[in-house]
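Let me put the structure up, and then we'll walk through a few spots together.

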Amino acid sequence: MESILFEIVPELRLHLRFDALGVLFSATAGILWLLVLPGPRRGRRYEALLALSFVLTLGVGTAGNLLTLLMFYELLSLAAWPLIIHDETAEALAAGRRYLAYVLTGAAMLLLGLAVVTLAAGDVGFGTRVEVPALGIVLLLAGFSVKAALLPVHGWVPQAHPIAPAPISALLSGLMVATGSFGMIRLIQVMDPPPLAILTGVSALTVVLAGVVATRTDHLKRRLAWSTISQMAYVPLAISVLDREALAGGIVHITHHAFMKGGLFLCAGLLLHHLGIRHVSRMGGAARRMPWTMGAFTLLSLGLIGIPPLSGFVSKWVIGAGMAQAGAWIPLTVLLTGALLAALYLMPIVHTAWFDPPPSEGPQVDPPPPTLIPVLAAAAITIVLGIGAALPGFPLALARAAARGIGG
Amino acid sequence: MTTHWLPALVAIPIAGGVLVPTMSRRWAPAWGFGVLIATLGVALFLTGLLREDTVSYAVGGWPPPYGIELRFDVLSTFAVPIALVAALAVPFATHSNEPVTTPEGVAVILVGTGGMMGFVVAADFFTLFVFLEVLSISAYGMVAMSEERGAGLAAFRYLLMGTVASIVILLSVGLLYTLTGSLNMADVGQRLPDGGLPLHLAIGGLAAGFLLKAAVFPLHVWLPDAHATAPSAVSAILSGLIVKMGIIGLLRTPGLEHLHELLIWVGAASLLAGALFALVQDDLKRMLAYSTVSNIGLVVLGLAVDRTGATVHILNHAIIKASLFLAAGAFIHRAGSRRIEGTGRSMPLTTSAFAVGGIAAIGIPPTGGFTGKWMIVLGALEAGRWGFAVMILLGAVILALCYARFVVVVAFRPSPADREGTSEAPLVMLVPIFVLAALSVGVGIIGGPFAAFVGK
Amino acid sequence: MTPLLENLDYAATVVLLLIGLWTVLADSNLLKKLMGLNIMETAVFAFIVTSGMIEGGAAPILGPDAAPPFMAPIPHALVLTGIVVAVSTTALALALLLRVHREFGTLEIDELRKRW
């Protein structure tokens, strides 16, 4: 389904398109937004911008040409900024400035890339393939990699994620970073990429280095943020292999990761809210105080590491199988290293929470149902998407359909 | 095509302005608003006619190139934002304490509007000069309306620079006349010699004068004081409309292609310098003033690479910058002083409009700020001037940080304890702000057809 | 040397213009700056009037005795309007200077900077 609307600048139109890739992304956004809605009310500004960013995310998902994609993408970057600095602390404001500097520089590169592409090929809709100068593609890829948090332009993630309110961290990690990867997938849908050795190298480096940093970070939300950088680099890694199955794995990984990481950030928010815990080293006995929350946390961690039959396993398996098929052994090694690193930075948290003695005893303080349910739902989704992965209409089927549409 | 509505476009506001001082204080703003709305109607009507043909009018029946000719062409469509912004500024100002809506104040605004109308429809350089002076003298008067300490000085410095510019322009017009024996623009353009020192002096002089009027870096020094001390409603007129007259003057200058290399560098310098100066301002209105310097730089650069893009951008920027200055005025009005920290907390509507204006000023699609900027970037790339395309985008990033900074000041900083219980801006302020903010997005959504109309 | 002598009137206006510009830029008294502005204006008027001048030309007025060559009429019209504009600018400038003097008690730039 397509609909071509206004001509925003000469020859470029506002163009909406609904295809498998867009449907999957929009549906993921819809469900994740539902999960972050409950919880304490935070005022008009917050609610309004949360709704606005949802609409803009849908816009990213349904954009039908490059201009429309960039338009929603940049508006989303700006709409998310007041949410990140919602707490109004000096720290938050500093993180917000850094976030803006990063995403706006990325946006400038994207616009320049779009200008180069437009000069060469006119209006680039996602239904066609075009020949464009390599410079345009490189600029666009570089622009998207800021949001996708690839090294060395990842700097905003470990600052912005920990400082934002928990639901916003969940959205940032689950979807904001994913918009960058989504943009990259859209790119290779329309243009033949230049040799992708650099993308492979950069994303492999990102997976490993960010994973290593995560194991050495004590601040819980910051550790999760580094984990996001590492885990989301799987998508560009999968793209760079240029194999249809690996690409399908990358696409479905966006969805699976969104729920797992979103759930983990919500858990971190509950821990902070009810127990005042910010650091991993302070988490001793947390599971005894909040068994349901930490139960969900454990399950989501296992999913993220890639234990069958959870959803994280499915996406990694599909990516890995694609890589093996294409004979891309180095990316495959990186993929497995990433999983190992995930175990190294997540399992200690789980271990501390369940088995270490608490600093002080206290009553059970699991949150009331309205805030607990989203966390449990995220865990349930992780199980269902893992077990039911092969069912028609589930993300994997959609991702495969999307990858078929892209070729590769 | 000819119609008497064309001279009416100039005559209505000027006649209206001359009559105001006879009125009571109470009726002056209403009269001013009515006259400006009527002018807006005429401007829209003439723009409608333009779809078929350019409208020309020979004053006193003397045919051009001998007599005075008025001509409504694509550039003259600037009459629409002129009438609109001026019309909205009048009700906006009724609520502030500044003496803008006294009979004298309204008179100055009306005459200034008439001057601008005459300037955009003038088809010979002599008429152009006369109306340039009418609008400039009104502008000096508008700055002096502010009761703030130092406003008189700011107005005087503005007058000094503006008059030097006018003198250089008059001198160049005289030179052009001795070179071509004509003052009619179309005529002068045809009779222009191919080169030589006098030609370069004449064109260079015109360009220098108009660049000074447009406040291009490093000739911008008069602008921040004048625009920041003026009452906010007036700042909207000054920053949105009056500096653009310099650009329209440049667009009317014949043989401008001799100066492209100069314009592109001056424009780029102004673009970056304006943005960097804006970054270090602590006062919202001064930041907006420097942002205007930056945007004027973009337009001057655009004159050399894509004239249509530059024209589109002055039209859109007029509306965007006016909405921003009006929003700033609303914050200052509610805060009671220039210290506006946290005022936005109790003014969500004004803050939203300010944010929309900021997004448009940065040039994010689909707002009006994007269309022209995009066309100029494309033009720069097409001309192989890579570095300039990069500079334009860099300037946009810096400006974005400036606007973000003031969104934080207004909406994320705590308001001082003595200012609890402020409320949303009154309706006469909100409506003008929202009309302009909505338009600054609206013209962007239809940017394609709009640019096609302007480029015709 | 000859071209300069032939164009002595133009050279004089240029010198006058530069004197005016120098006063506007360099003098520290606002009133003197305004005078510099007036000198510049006069220079330009002189330049334009001279450009329309023809040796032995008559005033361009049609009548029974009118006989070419005429002097160019348009420069005169230009200058006449220019003078009107200059007078109104000067009047406004003087009014502004009165206000500045009332607010700050001085018209010297250095003093004003201190009392801003």
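This is a predicted model: local features need pLDDT of at least 70, side-chain atom pairs count only at pLDDT 80 or more; totals for chains, interfaces and linings use all residues.

So, start with two helices in chain A: α11, residues 244–275, and α13, residues 291–305, whose axes come within 9 Å and cross at roughly 150 degrees. Anything over 145 counts as roughly antiparallel, so α11(A) is roughly antiparallel to α13(A).

Which hand does the crossing of α11(A) and α13(A) have? Left-handed.

Now, who meets whom? On the α11(A) side you've got Met260(A), Gly263(A), Leu264(A), Cys267(A), Leu270(A) and Leu271(A). Facing them from α13(A) are Thr293(A), Ala296(A), Phe297(A), Leu300(A), Gly303(A) and Leu304(A). Sort that contact by class and you get nine nonpolar residues, three polar ones and no charged ones.

Okay, let's zoom out to the chains. Two pairs of chains are in contact, and chains A and B share the most contacts. Chains A and C, on the other hand, don't touch, with their nearest C-alpha atoms 33 Å apart.

That brings me to chains B and C. Their contact takes 24 residues from chain B and 27 residues from chain C. Looking at the chain B side, α5 (125–144) and α6 (151–180) each supply at least two residues. Which helix gives the most there? That's α6(B), with 14 residues. As for the make-up of that chain B side, it's 16 nonpolar, six polar and two charged.

That's my tour, so over to you.

Technical notes. Residues are numbered from 1 along each chain as its sequence is written. Chains are lettered from A and ligands numbered from 1 in the order in which they are written. Two residues are in contact if their C-beta atoms, placed from the backbone, lie within 7 Å. Helices (H or I, at least four residues) and strands (E, at least two) are DSSP runs, numbered from the N terminus. Ala, Val, Leu, Ile, Met, Phe, Trp, Tyr, Cys and Pro count as nonpolar, Asp, Glu, Lys and Arg as charged, and the others, Gly among them, as polar. Axes are lines fitted to C-alpha atoms, for helices over the stretch in contact, and angles run from 0 to 180 degrees between N-to-C directions. Angles under 35 degrees count as roughly parallel, over 145 as roughly antiparallel, 65 to 115 as roughly perpendicular and the rest as oblique. A crossing is left-handed if the near helix is turned anticlockwise from the far one by less than a right angle, and right-handed if clockwise.
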